[in-house]
Amino acid sequence: MLRRTLLLGLCRGPLGRGLGTHRGGSILDRDGKMSEIKKKIQSILPGGDWNPLYDTSYLPPESSDVVIVGGGVLGLSVAYWLKKLEKPRGAIRVLVVERDHTYSRASTVLSVGGIRQQFSVPENVQLSLFSIDFLRNINEYLAVADDPPLDIQFNPSGYLLLASEKGAAIMENNVKVQRQEGAKVCLMSPEQLRNKFPWINTEGVALASYGMEHEGWFDPWCLLQGLRRKVQSMGVLFCRGEVTRFVSSSNLMKTASGEEVNVKRIHEVHVKIDQSLEYQPVECAIVINAAGAWSGQVAELAGIGKGPPGTLQGTKLPVELRKRYVYLWHCPQGPGLETPFVIDPSGTYFRREGLGHNYLGGCSPTEEEEPDPGNLEVDHDFFQDRVWPPLAQRVPAFETLKVRSAWAGYYDYNTFDQNGVPLLLGREGPGAQHHLSLPEQT
C-alpha cells in the first residue's frame, strides 16, 4: 500500500501531469526521469536494496588494520605480501592511500625499468635475486582468475658495467661479493669486451663486469598495473586522497635497563579526499610509509625530524626528492639486439628500447647540477652537454643519433648511504627492482 501511495502521489504532481504533453521536453526524457525517481523510492521501501542518495563509495573506511601511504609498486608490494601471508584469509584489513591515481608522477612509471645483481652490498644482491625470480614467474604470483596473463616484456640482455683504472679494484671486489651471493657475473678485459661487443670503444676502460643471466629490463607500468589488479582481488582497499595528519597517543614504558621512554603510537590517519576540502579519519593499528620521493614529508607528519636537535626525534628522514632526465634517441647504425644495459665510468647509461634502433639513456647530475624538483620539465641542454659527449665517445655510432623525446621522473634519494632504510624507501638506483622483495624480506 505504501509503495502504491507514493507512486500515485508522484503521478498527481506537476511532473505526473506533464507526462502526457510535449511541452517542456519529450515524453521519452520524462519517462526516463520518472524511472529514476521510481528506482530511488523503491530502494528505501521495505524489501528494497538500500542505495543512499549521497554516494560515499569514494571515502576510505572508518578503520583499517594497516594504512599504507603510497600506492606505487612499493606500497602495492607491501599490500600484496601482507595479504599473501595472512592467515586466515581476510584476517587483515589493508588500506592503500594514493593521491595520484593516474601515476603520472610515479617514480616507477617514469623509470627505465632496469634490474641487476651487480651491487657492492650483499643484501642488495639478495634482493635482486628474489625480485628477478618474481618477475620471471610473475603470473604464478599475480595471476587473477578470468583475467589475461601479464606480459612485463622482460628483456634478459644483462648489464654491462665499465670501470676505469681507478675503479677496477673496486669492481673486482664487488664481483667477488656478487658471486658469493649466487649471481652469475663475469669480468672482461678490454680485449674480451671488444670481441663480444665490437661497437664499443674501450678507450679508458680497464675492466668490465657483465651479468650473464637474471639481468635486463622490463615494463614497469605493466608491473604496477598487475600488482594493483592482484591486490584488489585479494581484498585490499584503495582510496584516492592524501594523508594530511597523524593522530598519536603516548605511553611511558621502561626499557630492559629500567630507563623510562615515551613511546608514541599512531592510532588515526586523516585522509584528505581528492578535489575536496573534506577529510576522513581512519582508525588504524599500523601505518607504513611507502610514499617514495615524498616519504620525508610524510615522516614529518609523524613528528620525525621535528624534535630537539641531536635527538632521535630531531633526526630527519634522510630522503630527498630528486629529479632525473631520461632521453629517447634513434640511431640506425647503433648497437643491435644483443645490446646490454650499459653503464659508463662517467655515469652515463643507455639501453636498447624495442626493435627499431631506439635507445633510452641519461646521466645523474652532480650535486652542483641538481635540477629543481619543483616541476618535471626537461633540460635538453643537459643531454647536449653532459650525456651525448660520453655516449659518442663510448659508442662512435652515437655521433649521428637524433633525440626523439625525453621526460623527467622523481627518485627518492637516500642522502645517508643511497641504500634502503627501515621505512622501505629512499633507494637511489635500485628503485622498482627491489620494491618487490623489500616488503617480503622485512
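In the predicted model, Arg322 is buried, with a relative accessibility of 8%. The residue belongs to strand β11, which spans residues 319-330. The side chain of Arg322 forms a salt bridge with that of Glu367, at 3.7 Å from N to O. Glu367 lies in the loop between β14 (358-362) and α11 (380-394), and the two partners are 45 residues apart, so that the bridge links distant parts of the chain.

Over the whole structure, the search for salt bridges gives 12. One of them joins the side chains of Arg386 and Glu369, with an N to O distance of 2.9 Å. Arg386 is part of helix α11, whereas Glu369 sits in the loop between β14 and α11; the pair therefore ties together parts 17 residues apart in sequence. Both partners are partly exposed: Arg386 has a relative accessible area of 22%, and Glu369 has a relative accessibility of 31%. A further salt bridge connects the side chains of Arg351 and Glu353, at 2.8 Å from N to O. Here Arg351 is buried, with a relative accessible area of 5%, while Glu353 is partly exposed at 34%.

The protein chain contains 13 helices and 15 strands. Of its 442 residues, 45% are buried. Among contacts between residues at least 6 apart in sequence, 70% join residues that are at least 24 apart.

Five of the strands make up a closed barrel, in the order β1-β2-β8-β9-β10 and with mixed pairing. From one strand to the next, the twist averages 45°. In general, the strands of a sheet pair through backbone hydrogen bonds, in either a parallel or an antiparallel sense. The pairing of strand β2 (residues 94-98) with strand β8 (residues 237-254) is parallel and comprises 4 bridges. Within this pairing, Leu95 stands opposite Leu237 of β8. Helix α4, residues 73-85, packs on the sheet and touches β1 (63-69), β2, β8 and β10 (279-289). The direction of α4 makes an angle of about 145° with that of β1.

The largest nonpolar core holds 34 residues, of which Ile68, Tyr80, Phe134 and Leu142 touch the most other members. Two or more residues are given to this core by each of β1, α4, β2, α5, α6 (138-142) and α9 (220-233). Helix α4 supplies the largest share, 7 residues. Another core lies apart from this one; it has 27 residues, including Leu160, Tyr210, Val342 and Val387.

The buried residues of α5 are Asn124, Val125, Leu127, Ser128, Phe130, Ser131, Ile132, Phe134 and Leu135. An α-helix has 3.6 residues a turn, so residues three or four places apart point the same way.

Some backbone features in the loops are also noted. Most residues other than glycine have a negative phi, and most peptide bonds are trans. The peptide bond from Lys87 to Pro88, in contrast, is cis, with omega near -5°. Pro88 is placed in the loop between α4 and β2. Asp146, a residue other than glycine, has a positive phi near 70°. Its location is the loop between α6 and β4 (159-163), and Asp146 is exposed, with a relative accessible area of 82%. Gln153, also in the loop between α6 and β4, has a positive phi of about 55° although it is not a glycine. Gln153 counts as exposed because its relative accessibility of 52% is over 50%.

How values were computed. Residues are numbered from 1 along each chain as its sequence is written. This is a predicted model: local features need pLDDT of at least 70, side-chain atom pairs count only at pLDDT 80 or more; totals for chains, interfaces and linings use all residues. Side-chain values use heavy atoms; hydrogens and water are left out. A salt bridge is a side-chain nitrogen of Lys or Arg within 4 Å of a carboxyl oxygen of Asp or Glu. Buried means under 20% relative accessible area, exposed over 50%, partly exposed in between (1.4 Å probe, protein chains only). Two strands pair if DSSP finds at least two bridges between them. Axes are lines fitted to C-alpha atoms, for helices over the stretch in contact, and angles run from 0 to 180 degrees between N-to-C directions. Contact means heavy atoms within 4.5 Å. A nonpolar core is a set of buried Ala, Val, Leu, Ile, Met, Phe, Trp, Tyr and Cys residues joined through side-chain atoms within 4.5 Å.
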